[in-house]
Structures are given as C-alpha cells and as structure tokens.
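Please go through the sequence and the model shown here before reading on. The briefing that follows is grouped by topic.

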Amino acid sequence: MNPLTARLLLEATIKIALLFFVNLTAVAYMTLVERRVCAWIQDRSGPNRVGPFGLLQPLADGIKFIFKEAITPPQAHKALYLLAPVIIFVPAMAAFSVIPIGPPLMILGRAVPLQIADVDSGLLVILGLSSLGVYGIALAGWSSNNKYSLMGGLRSSAQLISYELAMGFAVVGVLMSAGSLRLNDVVERQMQHGWNILWQFPGFLVFLTAAFAETNRLPFDLPEAESELVAGYHTEYSGMRFSMFYMAEYLNMITASALVTTLYFGGYHVPGLAALDLNPTLAALIQVGAFLAKVAFFLFVYVWVRWTLPRFRYDQLMNLGWKVLLPIAVAHVLWVAFIILMGWA
Amino acid sequence: MTLLSGLVIVVMAVALLRALMPSRPILSAVAGGPAAIVLLALYWRDLLGMDFWAGAVGFVAILSALLVVLHPNPMVSVLFLILNLLCVALFYIMLHAHLLAALQVIVYAGAIMVLFVFVIMLLNLKSEEGLRLGRGRQRWPAHLLGVGFAGILFWVLRHRTDQAFADSPRWLEGFGTARDMGTLLFTDFVFATEIASVLLVAAMVGAVILAKRRLD
C-alpha cells in the first residue's frame with residue numbers, strides 16, 4: 001500500500017470515528033436540552049439533580065436503557081422486529097457523511113476536507129438515505145403485531161409519500177442557483193452571491209416544514225401520537241432497542257438542521273471573515289464554529305416548535321402536504337427560474 | 001475471486017447444515033465461522049480488488065432475487081426486493097454512474113417500495129395466502145416466459161463484446177455526473193425523454209380514471 005492511500009484511509013477512519021462520537025454525544029445532550037427547554041417554556045425546572053445543572057442526566061438515562069429488559073412480544077415477527085431499529089439507525093447516521101462542516105483544513109502538509117465523502121450528487125444521497133429510514137418505522141409497526149403499532153407504521157409511510165415531493169421541489173431551487181448537486185458547490189455559490197435565504201424564502205419554509213414531517217417531530221409526529229396510538233410504531237420496544245429509535249430521531253434532527261444550514265444559510269460561511277485576512281487554520285476553525293452554531297440554532301427551533309404547536313390531525317397533515325406545500329414549492333421553482341433567467345441572481 | 005467462490009461455498013454449506021439439522025443452530029456457526037475466517041486470512045489481497053466486490057454484490061443480488069420469489073412471507077419478500085434494488089445501485093456506483101445510483105435508491109428503493117410496503121400492511125397479507133409457487137392458471141405461461149427470458153439472457157451473455165460502451169472519449173469526461181447526464185438527456189436523447197414523460201402522464205391519467213370509476 002503506498003503512503004498516500006494509507007494516509008487517506010487513516011484520515012477517513014478518524015473522520016468517521018469523530019462523526020460517531022460527536023453525533024452520538026450531541027444526541028445524548030439534545031435529550032437533555034429538549035427536557036430543559038421544555039421545562040423552561042412550561043415554567044418548570046426540568047431534570048436538574050444528576051450532576052451540575054443536570055448535565056449527567058443523559059449518562060444516567062443511557063445506563064438505565066442498557067439495564068432495562070429487552071422484551072420481544074411472543075406474537076411478533078422476530079427477525080424483522082430485531083432488524084427494524086437497525087434499519088432506522090443506519091441511514092440516520094450515514095446521511096451526515098456528505099455534509100461539509102468547514103473549509104479544507106491544512107493538517108501535516110495536506111488539505112483535509114472536513115467532510116467524509118465529497119459526492120457529486122450529495123444532495124440526492126441525503127434524500128435517498130432519508131427515504132430509506134422510513135422502512136425502519138414501517139417495519140417496526142408491522143412486525144410488532146399490535147394494532148397501534150401498525151397504525152403508526154402506516155401513517156409514517158403515508159406521511160413520507162406526501163412530504164418527500166414538496167421537499168424535493170423546494171431543494172430544486174437551491175440546486176438551480178448553484179448549478180450543481182454537490183453540497184460544496186452550494187456553499188461556495190452562497191459565499192460569492194449571498195445566502196440563499198435572502199431570495200428563496202418560500203423554498204426554505206417548505207423545506208423546513210417538510211423536514212419536520214420527515215423527522216416525525218411535533219407538530220407532525222403522527223406515527224407516534226401518544227394521545228391516540230399509545231406510542232405508535234415503537235409501543236412494543238423497550239430498553240436499548242427503544243433507545244435506538246430515539247437516537248435515530250435526534251440524529252435525523254441533527255442532519256436536517258445541518259442540511260437547512262448548508263442549503264439556505266451559507267453552510268460554514270461567515271460574512272466578512274475573508275476581509276479580516278486571518279491565519280487560514282484559525283479562519284477554518286472559526287467557520288466550523290459558525291456552522292455548529294447555526295446547526296445548534298435550528299436544533300433549538302425544533303425543540304421550540306415542539307413545545308409551542310399542537311399536533312396536526314391526520315387529514316390536516318395530508319391537506320397541508322398536497323394542497324399547500326406542493327403548490328408553493330412548484331411556484332417557488334418557477335420564481336427561482338425567472339430570477340436566474342433575468343440575470344438578477 | 002478465489003475468496004469469493006470460497007465464501008459462497010461456506011455460505012451454502014452453512015445453509016445445508018441448518019436445513020439438515022434445524023435443532024442444532026450452533027453447529028453451523030462453528031463449522032462456517034472458522035472456515036470463513038481462514039479464507040479471509042488466506043486471500044486477504046482479494047479484498048482490495050474490484051473484481052471481488054463486483055462478484056460479492058452480484059452474489060447478494062442473485063440470492064436476494066431468488067428469495068423475493070421463494071420466501072413465503074410477502075413482507076420479507078418485499079425487503080429482499082429492496083436489498084436487490086440496493087445491489088443494483090451498488091453496480092451503478094461501480095460503473096461510475098453515481099447519479100443513476102442515487103436516483104435508483106430514491107425512486108425505486110425509496111419511493112416505489114414504500115408503496116409496496118404500504119399496500120402489504122394495508123391488506124394485512126399473511127404468509128402463504130395464494131402465494132405458493134407453481135399453482136393456478138398462469139403456471140404454464142409463466143414457465144414459458146421464464147425459459148424464454150433465460151434464453152435471451154444467455155444469448156446476450158454469449159454475444160457481448162468486451163469493449164465497454166463508455167470507451168467513447170466524449171463520455172469519459174465527467175461521465176455519470178448530474179451535469180453530463182442532464183446534457184445528454186436534453187440533447188441526444190431529448191425525443192426519448194419527452195416520449196417517456198408523455199407515457200407517464202398517460203399512465204397517471206389512466207390510473208385516476210380507473211380509481212374514479214370505482215367510487216361512483
């Protein structure tokens with residue numbers, strides 16, 4: 001093996017390990033943030049007993065998950081019941097790998113891209129992986145052999161079909177302006193010509209709404225709607241298997257926030273940083289920090305919306321998807337095309 | 001390739017052992033596991049070659065395609081169909097058609113198969129309900145079609161040329177990227193593209209009319 005190949009392999013391994021570590025830690029602490037912010041919105045204290053400010057609460061939760069009994073219902077289809085949490089978890093983890101979190105960083109004489117895979121059609125890879133995640137939910141619902149679970153699984157597949165189309169059309173605006181499906185090109189274009197949010201607001205709105213539906217978060221958490229379906233598709237799951245569904249939900253939230261940041265808010269771009277003429281390594285680190293801050297903001301929006309809006313009814317969700325979001329998204333595509341044709345972009 | 005054929009033999013031996021002695025599942029693991037590890041250690045260089053991976057994906061593709069037809073449970077069949085479609089996407093990646101691979105995953109493995117899963121869940125199909133192999137009126141036409149299709153495949157494999165279609169210098173530059181594919185679709189193949197879209201609209205209108213007629 002020649003040294004360059006070895007080095008590339010090593011870099012990729014380190015980046016993947018870092019991705020796992022950072023993302024899973026972020027997931028653990030998002031659960032704490034969710035509970036604390038929820039408590040704050042409802043004028044309560046929230047979990048504040050384990051460690052300072054409740055900071056060790058995720059650790060206690062994790063230990064509890066591991067030691068709970070893993071129950072398999074006797075009527076369940078066992079193989080699929082065990083496979084479902086894995087099917088939902090893997091795409092949720094993998095989708096983040098094509099998102100650039102910063103400009104290339106010089107490490108030991110080679111510019112290392114801060115992204116695991118720089119794929120030519122990165123945007124499509126994310127859409128594809130997020131569409132695979134729904135099988136986990138549908139299978140969990142079906143294999144549990146429980147009518148509430150089945151209803152949850154059915155709802156999630158119907159929800160996916162209604163929202164994926166609007167999401168795809170919203171993204172078309174971004175890729176028309178960048179002229180590429182590569183997420184690096186999308187970010188670079190926004191560096192030169194200003195963030196997409198400035199002139200693609202309808203697309204952003206549709207994308208954000210569809211992202212809420214794709215991640216099954218309130219106000220669109222109909223697959224688990226605890227007031228009607230007990231806990232929906234994961235009613236029968238316990239212990240670590242249940243926590244895999246939980247982790248997948250938060251991982252999807254993180255990926256969706258990162259995607260919104262990349263597509264509409266300039267990714268890792270910081271306005272006015274290039275004019276300061278800083279040391280390139282320092283500038284790169286500042287940009288990574290900016291990216292993380294933007295993602296954190298959208299994660300906060302997720303929590304904020306969840307504890308503010310009530311859940312949609314099922315027919316309202318369908319109406320919103322097909323009769324409101326899809327027409328807005330199509331009109332938005334025409335609007336972006338018009339702007340580009342007139343040369344105003 | 002030696003590694004691949006060895007692994008195939010190991011997998012088949014394990015399956016045979018499990019079929020012959022279903023009450024002792026540990027036995028097959030004890031027999032198959034060490035054999036696979038020894039093979040991996042002996043032929044580890046195979047793992048770095050492209051041939052091995054093409055063969056491995058092909059093996060999984062054929063196995064999953066067989067299980068789609070042979071498995072009694074419709075839900076499991078659908079899952080194997082998804083696995084098969086993902087294998088096809090992997091083949092596209094190996095041929096440097098990245099865009100096609102992404103579209104394969106989104107359109108087939110993602111959107112269309114979700115509908116399949118949805119319908120099976122909605123109808124609540126149980127195992128073996130009218131899905132047994134080789135029953136019913138369509139048996140003989142199905143056999144005929146199967147043999148005919150196998151014949152065509154065999155003929156194509158016999159008469160293929162080793163020269164790949166991507167040898168044309170024009171296609172090698174940026175082959176398989178979204179830009180290149182879009183340009184081709186809207187210049188050389190614009191007629192086929194437009195005809196396909198007309199066909200799709202016709203199918204959609206037909207589906208709507210059929211669904212409406214049943215309602216009233």
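A:Leu9, in a model that is predicted, lies in helix α1 of chain A and counts as exposed, because the number of other C-beta atoms within 10 Å is 11, and a residue with 12 or fewer is classed in that way. Between the C-alpha atoms of A:Leu9 and A:Leu80, which stand 71 residues apart along the chain, there is a separation of 34 Å.

**Residues with positive phi in the loops of chain A**

- A:Asp43 is counted as exposed because it has 6 C-beta neighbours inside 10 Å.
- A:Asn145, likewise not a glycine, shows a positive phi of about 60 degrees, and this residue is placed in the loop between α4 and α5 of chain A.
- A:Asn145 is partly exposed, because 15 other C-beta atoms lie within 10 Å of its own, a count that falls between the limit of 12 or fewer for exposed residues and that of 20 or more for buried ones.

**The hairpin of chain A**

- Strand β2 (residues 110-114) of chain A is joined to β1(A) by four bridges, and the two strands run antiparallel.
- Within this pairing, A:Ile107 has A:Arg110 of β2(A) as its bridge partner.
- Two residues separate β1(A) from β2(A) in the hairpin that they form, and in its turn A:Leu108 has a positive phi of about 50 degrees.

**Helix α11 of chain A**

- Helix α11 of chain A, made up of the 27 residues 280-306, reaches 39 Å from its first C-alpha to its last, which is close to the 39 Å expected at 1.5 Å a residue.
- The buried residues of α11(A) are A:Ala284, A:Gln287, A:Ala290, A:Phe291, A:Lys294, A:Val295, A:Leu299, A:Tyr302 and A:Val303.
- In an α-helix there are 3.6 residues a turn, so residues three or four places apart point the same way.
- The elements of chain A against which the buried residues of α11(A) pack are α1 (3-41), β1 (102-107), α9 (239-264) and α10 (273-276), so that β1(A), one of the strands of the hairpin, is included among these packing partners.

**The contact between chains A and B**

- Chain A brings 23 residues to the contact, and chain B brings 17 residues.
- On the side of chain A that touches chain B, the elements that give two or more residues are α4 (122-143) and α5 (147-178) of chain A, and of the elements on this side α4(A) gives the most, with ten residues.
- Sorted by class, the side of chain A that touches chain B consists of 16 nonpolar, five polar and two charged residues.
- For the complex, the predictor gives an ipTM of 0.81 together with a pTM of 0.82.

**Chain B**

- Chain B has nine helices and zero strands, and its pattern, when read along the sequence, is α-α-α-α-α-α-α-α-α.
- Buried residues amount to 12% of the 216 residues of chain B.
- Among the contacts in chain B with a separation of 6 or more, 56% are accounted for by residues 24 or more positions apart.
- The mean pLDDT of chain B is 79, with 85% of its residues reaching 70 or more.

Notes:
Residues numbered from 1 in each chain as written. Chains lettered and ligands numbered in written order. Predicted model: local features only at pLDDT ≥ 70, side-chain atom pairs only at ≥ 80, totals over all residues. Expected span 1.5 Å × (residues − 1). Contact = placed C-beta atoms within 7 Å. pLDDT = per-residue confidence, 0-100. Nonpolar A, V, L, I, M, F, W, Y, C, P; charged D, E, K, R; others polar. Pairing = 2+ DSSP bridges.
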